[in-house]
Amino acid sequence: MADKSTPVTEKHFDYIAEHTTKEDEFLISLKEAASKEGIPSIWISPEQASFMQILLKLYHVRTVIEVGTLAGYSAIWMARALSKDSRLYTIEINPKFSGFAKEWISKSDVSDCIEVICDSGENAIKKFKNESADAIFLDADKPNYPKYLKEGMRILRKGGLIMADNAFAFGELFEENPEDKEVEAMRNFNEIIAKEKRLHSIIVPLGDGLWIGVKLF
Ligand code: DHB
Ligand code: MG
């Protein structure tokens, strides 16, 4: 146990949720509609989204790349933290998910800022120029996270922000026999990003564990 930390329990998480800025009716409706269409309910938590918004606001972020759109929930949260002339590119390989996200983003208050790219993360991320993004959020297929990190480090400007979801491996980080086949991929990624010397990084225990890294050089 690290010095003087309070072990965070389920109760603390509920308390955090109760005391954090809430999602609005639009995002609640988006989640309901996505569930009805069979899109998996694996969006980030509102507390995590709020924290990410605060970072994006403090950074005055203008260009964000998200790998893994799913239903567009996190893209809308993030875009709401940006100024009107900013761009958020969000990449989704599944055409059903990207179609749903496009429809809901077009109805949202941030439709002008967001571009949905229907392609594999690997293909799409290669096309961004060196040092062209202020922030990157990884929330896609876990075995490819190391590749997205490598490309992300190329695309991020110095001082830029990289965020990656699921550091706690869907709650199974310490399970000996995890049910989810991507747990090992997250463990592997955690070791890789922790050793990345070009990043000042930390895991924030919100949602399913959020990696935050600042590109030092
Ligand atoms: C899964 C993926 C996620 O990105 C997440 O936040 C939760 C679960 C999954 O693939 O099961
Ligand atoms: Mg996730």
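How many nonpolar, polar and charged residues does the shell around ligand 1 have? By class, this shell has two nonpolar, one polar and five charged residues, where Asp, Glu, Lys and Arg count as charged, Ala, Val, Leu, Ile, Met, Phe, Trp, Tyr, Cys and Pro as nonpolar, and the others, Gly among them, as polar.

This is a predicted model, in which local features need pLDDT of at least 70 and side-chain atom pairs count only at pLDDT 80 or more, while totals for chains, interfaces and linings use all residues. Residues are numbered from 1 along each chain as its sequence is written, ligands are numbered from 1 in the order in which they are written, and side-chain values use heavy atoms, with hydrogens and water left out.

Ligand 1 is surrounded by Ile-42, Asp-139, Lys-142, Asp-165, Asn-166, Phe-170, Asp-180 and Glu-182, a residue being near if one of its heavy atoms lies within 4 Å. Polar contacts (pairs of N or O atoms within 3.5 Å) are tabulated below.

| Residue and its polar atom | Distance to an oxygen atom of ligand 1 |
|---|---|
| Ile-42, backbone | 3.4 Å |
| Asp-180, side chain | 3.5 Å |

The protein covers 74% of the 290 Å² of accessible area that ligand 1 has on its own, as computed by the Shrake-Rupley method with a 1.4 Å probe.

A search of the whole structure finds zero disulfides, that is, pairs of cysteine sulfur atoms within 2.5 Å.

Technical notes: A polar contact is a pair of N or O atoms within 3.5 Å; within protein, one must be able to donate a hydrogen and the other to accept it, and residues adjacent in sequence count only if both atoms are side-chain atoms.
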